[in-house]
Protein chains: 2
Amino acid sequence: MSERWQPQTEHEHAVMRVLTSIRAVSDAMERMHSGMRGDMDMNATDVAALRLLIIRERNGRPVSPRDIARHLRISTASTTKLLDRLVVSGHVERRPHPSDRRARVVVLTDPARETFFRVFGDRLRAMRSMAMGYDEAELAVVARFLDDLSHAMDPDD
Amino acid sequence: MSERWQPQTEHEHAVMRVLTSIRAVSDAMERMHSGMRGDMDMNATDVAALRLLIIRERNGRPVSPRDIARHLRISTASTTKLLDRLVVSGHVERRPHPSDRRARVVVLTDPARETFFRVFGDRLRAMRSMAMGYDEAELAVVARFLDDLSHAMDPDD
DNA sequence: TCGAATCGCTAGCTTCTCTAGCAATGTCTG
DNA sequence: CAGACATTGCTAGAGAAGCTAGCGATTCGA
């Protein structure tokens with residue numbers, strides 16, 4: 001994870017251990033997502049799009065095809081085909097945008113939500129019960145660290 | 001991140017905040033990796049393969065084509081072509097396996113390592129200096145949490 | 001008001017992954 | 001020790017999915 005940096009102090013060793021753990025998490029996430037792909041019989045970007053929709057829905061924010069293109073860093077043309085696939089498979093629907101008649105709003109169907117949580121419910125529950133084993137003070141530190149980590153990894157938020 | 005689970009106690013709220021932060025990290029990682037893809041002008045799996053090689057190399061463990069196939073969950077045929085690409089682009093070399101004459105060992109070239117750290121050095125340094133802001137006790141908690149998280153996300157280790 | 005920008009789409013091409021099957025090598029069993 | 005079976009990495013050919021270029025419709029801004 002680092003170039004030629006070698007930890008000297010005990011504190012630096014602790015930093016390196018954390019970086020190693022981050023790498024492990026990165027790996028586990030990748031495997032979880034590709035497992036998702038296998039379980040739901042979809043390709044990687046389609047699953048990533050579904051994840052975006054699930055997350056945005058929780059926040060109550062609408063998702064346009066362009067949002068998906070930007071988030072997944074694929075072209076709008078590819079996004080059109082992606083949505084075609086998800087519409088055909090019954091995971092999403094294209095709705096007219098309420099105020100902009102050029103735009104669309106992409107919404108999840110009930111079966112898609114169901115399938116998603118059926119497939120990932122186990123993992124989510126495992127993560128939740130794992131976190132339950134930490135007290136509030138510890139969780140606060142972890143949450144703060146994770147938010148800092150997000151910003152360090154993705155400067156353009 | 002959860003189905004119909006709603007936090008009741010203050011402790012459960014803290015758990016939910018952590019799960020939200022995990023989601024943010026997941027997102028940031030995905031964006032970092034796809035940024036990697038753009039910066040190094042490679043596709044997603046090729047970059048993932050390179051990351052695997054970098055990590056395994058640090059641990060001193062050799063990587064076979066089959067390891068790559070298993071890790072990325074792609075077929076061995078796709079792996080052969082993947083390696084063809086990486087060999088042509090000068091990122092890896094195929095070496096004979098020392099004891100199994102059917103097998104190969106895939107090794108990184110110097111230029112590949114160089115390019116990798118040139119492109120991601122910034123992010124790595126940002127992550128390191130971010131972690132430096134936490135004391136040893138906090139880092140210990142975070143590291144333990146992250147390791148637990150890895151296991152919760154990836155049951156088959 | 002009118003030109004420029006944005007939105008989502010189509011067409012055609014390229015790239016990447018998959019299935020099926022191969023020879024070579026290694027491992028297990030009777 | 002011999003023969004059956006498994007494993008490794010490869011090739012060929014088909015199919016899936018991404019990209020660029022360009023379109024009509026709509027909206028924004030000078």
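## Basis of the model

Because the model is predicted, local features are given only where pLDDT is at least 70 and side-chain atom pairs count only at pLDDT 80 or more, while totals for chains, interfaces and linings use all residues. Residues are numbered from 1 along each chain as its sequence is written, and chains are lettered from A and ligands numbered from 1 in the order in which they are written.

## Fold of chain A

Chain A holds six helices and two strands, where helices (H or I, at least four residues) and strands (E, at least two) are DSSP runs numbered from the N terminus. Along the sequence these elements follow the pattern α-α-α-α-β-β-α-α. The radius of gyration of chain A is 19 Å, well over the 15 Å that the globule rule gives for 157 residues, so the chain is more spread out than a compact globule; the radius is taken over C-alpha atoms, and the rule is 2.2 Å times the number of residues to the power 0.38.

Taken along the principal axes, the C-alpha atoms of chain A fill a box of roughly 60 × 30 × 30 Å. Buried residues make up 27% of the 157 residues in chain A, a residue being buried if 20 or more other C-beta atoms lie within 10 Å of its own, exposed if 12 or fewer, and partly exposed in between, with C-beta atoms placed from the backbone. Among the contacts in chain A with a separation of 6 or more, 37% are accounted for by residues 24 or more positions apart; two residues are in contact if their C-beta atoms, placed from the backbone, lie within 7 Å.

## How the two chains pair

At the interface, 53 residues of chain B are in contact with 53 residues of chain A. On the chain B side, the elements that give two or more residues are α1 (10-40), α2 (44-58), α5 (110-132) and α6 (136-153), and α1(B) provides the largest share, 20 residues. By class, this side has 31 nonpolar, eight polar and 14 charged residues, where Ala, Val, Leu, Ile, Met, Phe, Trp, Tyr, Cys and Pro count as nonpolar, Asp, Glu, Lys and Arg as charged, and the others, Gly among them, as polar. Since 100% of the interface residues of chain B are also interface residues in chain A, the copies meet through the same surface.

Helix α1(B) has 31 residues and reaches 45 Å from its first C-alpha to its last, close to the 45 Å expected at 1.5 Å a residue, the expected span being 1.5 Å times one less than the number of residues. Its buried residues include A14(B), V18(B), I22(B), V25(B) and M29(B), and what covers the buried residues of α1(B) includes α1, α2, α5 and α6 of chain A together with α6 of chain B. E12(B) also lies in α1(B), but is partly exposed, with 16 other C-beta atoms within 10 Å. The helix is followed by D41(B), whose phi is positive, near 55 degrees.

Helix α6(B) has 18 residues and spans 26 Å from its first C-alpha to its last, close to the 26 Å expected. V142(B), F145(B), L146(B) and L149(B) are among its buried residues, and the buried residues of α6(B) pack against α1, α5 and α6 of chain A together with α1 and α5 of chain B.

## Surfaces near the DNA

DNA strand C is surrounded by 23 residues, of which R66(A), A77(A), T45(B), A77(B) and S78(B) are the closest; a residue is near a strand if its C-beta atom, placed from the backbone, lies within 6 Å of it. The elements that give two or more residues to this surface are α3 (65-72) and α4 of chain A together with α4 of chain B, and α4(B) gives the most, with five residues. By class, the surface near DNA strand C has seven nonpolar, seven polar and nine charged residues.

Around DNA strand D there are 23 residues, and I74(A), A77(A), S78(A), R66(B) and A77(B) come nearest. Here the elements that give two or more residues are α4 (76-88) of chain A together with α3 (65-72) and α4 (76-88) of chain B, with the largest share, five residues, coming from α4(A). The surface near DNA strand D has seven nonpolar, seven polar and nine charged residues.
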